[in-house]
Amino acid sequence: MTKTAIAVRDVAFRYGPTDPPALDGVSADVCAGSITAILGPNGSGKSTLLHVLLGLLAPECGEVHLFGRPLGEHSRREASRLLGLVPQVEHVPFDLSVFEYALLGRAPYLGLLDTPGPADRACAQSALDAAGIAALARRPVPTLSGGERQLAMVARALAQEPRVLLLDEPTSHLDLANVRRTLGVLQSLRADGRTIVLTTHDPNAAAAIADDVLLMRQGRVIGSGPTGSVMNSERLSATYGVPVEVMAVRGRPLVLNHVLDGAADQGA
Ligand code: ADP
Ligand code: MG
């Protein structure tokens with residue numbers, strides 16, 4: 001039997017009392033050791049859901065369970081050892097080296113006045129190895145390319161040794177080679193038994209890597225389950241509000257956005 005890492009039940013959330021719900025009756029299960037993609041158009045509630053999973057936003061109603069226990073019963077410190085976030089954007093305030101930046105991931109294990117010890121440094125080093133950026137250890141973070149910076153954020157989250165890694169739009173600003181590199185790192189983390197949850201607005205990023213997909217639109221889940229069964233032409237066209245075609249290529253869905261066909265129709 002597969003173990004459930006995260007269980008979400010009937011979660012609703014709104015940012016302000018008069019705002020429409022950003023999450024509206026969301027339920028989902030994330031299997032331990034798998035890659036789950038939260039997929040949907042801009043504004044569908046993906047980042048909001050990620051922040052609810054992290055306990056950074058409190059749902060109006062509903063529950064989140066983490067490894068069988070309600071999220072609220074884990075202390076903040078426990079939760080940060082279970083869940084590591086790779087945010088969509090992060091400002092690095094100082095001229096930290098990549099190694100020092102990864103070392104920040106050890107914070108949940110250190111007391112207020114502790115400095116990181118040899119074990120913490122070893123952990124930061126293996127996080128850089130796992131993210132494939134050991135060669136960049138001494139480089140100042142501000143000098144990194146977008147793809148390298150993304151992997152540095154992955155390394156920092158990994159130094160936290162979380163059981164679940166949550167990534168918000170990890171591929172959205174990357175070129176093809178860096179998308180491949182980042183997804184390759186996530187695949188090797190899964191092979192090591194890590195649980196991965198990522199948000200993406202790009203169906204092909206989800207199709208390339210996810211075992212399971214949670215399809216969202218306007219704060220609701222409109223499909224969930226194994227990637228191949230959730231991602232079909234009708235459902236994705238309805239989700240994105242444009243005609244898309246899903247083909248099977250080498251056993252995985254490939255999504256074609258007929259953007260040029262649409263332009264031609266309008267021009268006619
Ligand atoms: P996604 O990550 O799928 O693009 P979000 O979770 O960021 O979507 O947003 C879901 C909805 O909540 C959107 O309608 C968005 O405008 C709204 N929203 C997001 N953040 C805030 C905020 N801080 N205050 C008010 N509304 C917000
Ligand atoms: Mg988002």
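## Exposure, backbone and ligand contacts

Asp10 counts as partly exposed because its relative accessibility is 49%. Here buried means under 20% relative accessible area, exposed means over 50%, and partly exposed lies in between, with a 1.4 Å probe and protein chains only. Asp10 sits in strand 1, residues 4-13. Helices (H or I, at least four residues) and strands (E, at least two) are DSSP runs, numbered from the N terminus.

This is a predicted model, in which local features need pLDDT of at least 70 and side-chain atom pairs count only at pLDDT 80 or more, while totals for chains, interfaces and linings use all residues. Residues are numbered from 1 along each chain as its sequence is written, chains are lettered from A and ligands numbered from 1 in the order in which they are written, and side-chain values use heavy atoms, with hydrogens and water left out.

**Positive phi**

Most residues other than glycine have a negative phi. Asp10 is not a glycine, yet its phi is positive, about 50°. Glu169 is another residue other than glycine with a positive phi, near 50°. Glu169 lies in the loop between strand 7 (164-168) and helix 6 (176-191). Is Glu169 buried or exposed? Glu169 counts as buried, because its relative accessibility is 7%. Gly55, which follows helix 1, has a positive phi near 80°.

**The ligand site**

Which residues surround ligand 1? They are Tyr15, Ala22, Pro41, Asn42, Gly43, Ser44, Gly45, Lys46, Ser47 and Thr48. A residue is near the ligand if one of its heavy atoms lies within 4 Å of it. The shell around ligand 1 divides into three nonpolar residues, six polar and one charged. In this scheme Ala, Val, Leu, Ile, Met, Phe, Trp, Tyr, Cys and Pro count as nonpolar, Asp, Glu, Lys and Arg as charged, and the others, Gly among them, as polar.

| Residue | Protein atom | Distance to an oxygen atom of ligand 1 |
|---|---|---|
| Gly43 | backbone N or O | 2.7 Å |
| Ser47 | polar side-chain atom | 2.9 Å |
| Thr48 | side-chain N or O | 2.5 Å |

The protein covers 53% of the 560 Å² of accessible area that ligand 1 has on its own. Accessible areas come from the Shrake-Rupley method with a 1.4 Å probe; for residues, only the protein chains shown count as cover.

**Helix 1**

Thr48 belongs to helix 1. Thr48 is buried, with a relative accessible area of 7%. Thr48 touches Phe13, Tyr15, Ala22, Leu23 and Leu57, leaving aside residues up to four places away in sequence. Contact means heavy atoms within 4.5 Å.

Why is helix 1 largely enclosed by the rest of the structure? Six of the eight residues of helix 1 (residues 46-53) are buried. They are Lys46, Thr48, Leu49, Leu50, Val52 and Leu53.

Val64 is in strand 4, residues 61-66. Val64 counts as buried, because its relative accessibility is 8%. Beyond residues up to four places away in sequence, Val64 touches Ile6, Ala7, Val11, Val52, Leu53, Arg69, Pro70 and Leu71. Val64 and Leu53 are 11 residues apart in sequence, and their C-alpha atoms are 6.8 Å apart.

Arg76 is in helix 2, residues 76-82. Arg76 is exposed, with a relative accessible area of 60%. With residues up to four places away in sequence left out, Arg76 touches Leu54, Gly55 and Leu56. Arg76 and Pro108 are 32 residues apart in sequence and 8.9 Å apart, C-alpha to C-alpha.

**Ser233 and the cysteines**

Ser233 is in helix 9, residues 233-240. The Ser233 side chain reaches the backbone nitrogen of Val246 at 2.9 Å. Ser233 also touches Val244 and Glu245, among others.

How many disulfides does the structure hold? It holds zero. A disulfide here is a pair of cysteine sulfur atoms within 2.5 Å. Cys31 counts as partly exposed at 24% relative accessibility. Cys61 counts as partly exposed at 40%.

Note on methods:
A polar contact is a pair of N or O atoms within 3.5 Å; within protein, one must be able to donate a hydrogen and the other to accept it, and residues adjacent in sequence count only if both atoms are side-chain atoms.
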